[in-house]
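Morning, everyone. Have a look at the screen.

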Amino acid sequence: LFSDYDIVGKNKSGVIVHYFGPNDNELVTYDDKLRMDNRRILPFHPKDVNIESFVVLPEKILLFYTTPTETYQYFRMVEIDEKLNISNTSLTLDSMSVVNIGKGKAFYVRTSPDKSKLLTFSVIKTKNAYFVRFTILNSQAQVLKKNIFTITETPNVSLKSIKINNQGNVIAIIGNDNNDGDYNYDRYTTLTFNRSTNTIGESVLQNPDYVFKNLITEVSTQRDVAYIAAAYKNSKNKSDIGLFYQIIDFRTNTVLLSTKMPFSDEILQKSQTNEFKTWQDKASLVKPKRIIPRSDGGFLLITEGEYKFTKAERMATNNFGYYNAVPYTPSVRYIDQNHYYDIGVFSINTDGTLDWQTNMPKSQVSENDDGYYSSFAFFEANNVLKFLYNEDFYSNGNFVEYNVNPNGLTKRQSMMNSEKQNLVMVPLKAKQLDGHSIIIPSEQKRSIQFVLFQY
């Protein structure tokens, strides 16, 4: 039995799913009708090899993995063809001494939007510096460039985001953590690498009054720019709270735009979060989730309200019959509650002004499941955005889709009653396969089914 799975993607071989457990790794392909077509147990035992990433190309799959030894971690890649045959020769891409990185995860892989470029990187912390070593490869896994982003004399930093664009330019954001609760960093450094000029640019965003959280990035496929968005608040003025965003130019490694969009009662009044006393409390729940570049250089920012807390519930136990016994012994159980609220879309112009904004109400509450069935699956094609989610998995089983068109007009429709179909949809594990289909898993009593939506 496999303990978990990932939908890896789709190519000539079909829809590819990776099943994994403590003892096995298996790849399975499914045809267009989601019938099992082929399966292959990977010759890697999880005790000896850590699978890092699959990159799905039209004709093949690249499998990146790490082989740890006592002294070194070796980072390797092997090709898998469309019949799921695994190449006999693997390529060693990198190795690092365990002294530098310990036994934990050391190597990471990212791809450009069109998968023509691959980025592999590792992070090294020393007493005085923080390094991100990275390598840019083409889709044949030939090395195009290697370089290092460095930040010096910063005790509490961590990598928040890293991306590569189709030209092979790289952006990384390193945040300075402040251990101050929710808004958990007080400044961040943006590092960009331009592959053609072989130069690195660095800009620090720091304002003594501002703190940030939930930073995300995206690269454009049409222009040589990157986007950054984060939630911010002013620690000296509680009404100055909202979203902060920047546009970065890779050609010159400079910041083109840096601006903030403060929330107000008005922006948030449509939202479903009624139990909060103030709009500022509501504002702190809004998390940037995705950036969709617009063809004119602007972008869409997708947000979702999210709130998690632990509540204690007393359970009374009585001892009857003994006059001198303690009559009441409270015992407490803790419940983790997960709330996922509205989806917001903000369309931002190149000059930072707001073109339009729309809000799609939803309220998902669950307990002790880390929000596993909550949030939404996202699909984007031809300038239409679709958000698919479980409306209320405890009562009505309604599985809903919101559509947003390029002018910000929304349409809501029920897709199916998942309860009647005996499905329990998991939107967070969905995968968009191409411009007209998205696959969403359903998990019901240890059995997994896949549901394909085609548009």
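Is Lys429 buried or exposed? Buried, because its relative accessibility is 16% and the cut-off for buried is under 20%. Keep in mind that this is a predicted model.

Where does Lys429 sit? In a loop. Strand E29, residues 410–417, comes on one side of that loop, and strand E30, residues 431–434, on the other.

Now the partners. The side chain of Lys429 makes a polar contact with the side chain of Asp4, at 2.6 Å. The Lys429 side chain also reaches a backbone atom: the oxygen of Tyr5, at 2.9 Å.

What else is Lys429 in contact with? Set aside its neighbours within four places in sequence. Then the list is Asp4, Tyr5, Asp6 and Ile7, plus Tyr372, Pro441 and Glu443.

Strands of a sheet pair through backbone hydrogen bonds, either parallel or antiparallel. Here we have an open sheet of 4 strands, and the pairing is antiparallel. The order runs E5-E6-E7-E8. Which strands are at the edges? E5, residues 50–56, and E8, residues 91–97. Each of them pairs on one side only. From one strand to the next, the twist averages 20 degrees.

Zoom in on one pair. Strand E7 covers residues 72–80 and runs antiparallel to E8, over 6 bridges. For a landmark, find Gln73: Met96 in E8 stands opposite.

Key: Residues are numbered from 1 along each chain as its sequence is written. This is a predicted model: local features need pLDDT of at least 70, side-chain atom pairs count only at pLDDT 80 or more; totals for chains, interfaces and linings use all residues. Side-chain values use heavy atoms; hydrogens and water are left out. Two strands pair if DSSP finds at least two bridges between them. Helices (H or I, at least four residues) and strands (E, at least two) are DSSP runs, numbered from the N terminus. Axes are lines fitted to C-alpha atoms, for helices over the stretch in contact, and angles run from 0 to 180 degrees between N-to-C directions. Buried means under 20% relative accessible area, exposed over 50%, partly exposed in between (1.4 Å probe, protein chains only). A polar contact is a pair of N or O atoms within 3.5 Å; within protein, one must be able to donate a hydrogen and the other to accept it, and residues adjacent in sequence count only if both atoms are side-chain atoms. Contact means heavy atoms within 4.5 Å.
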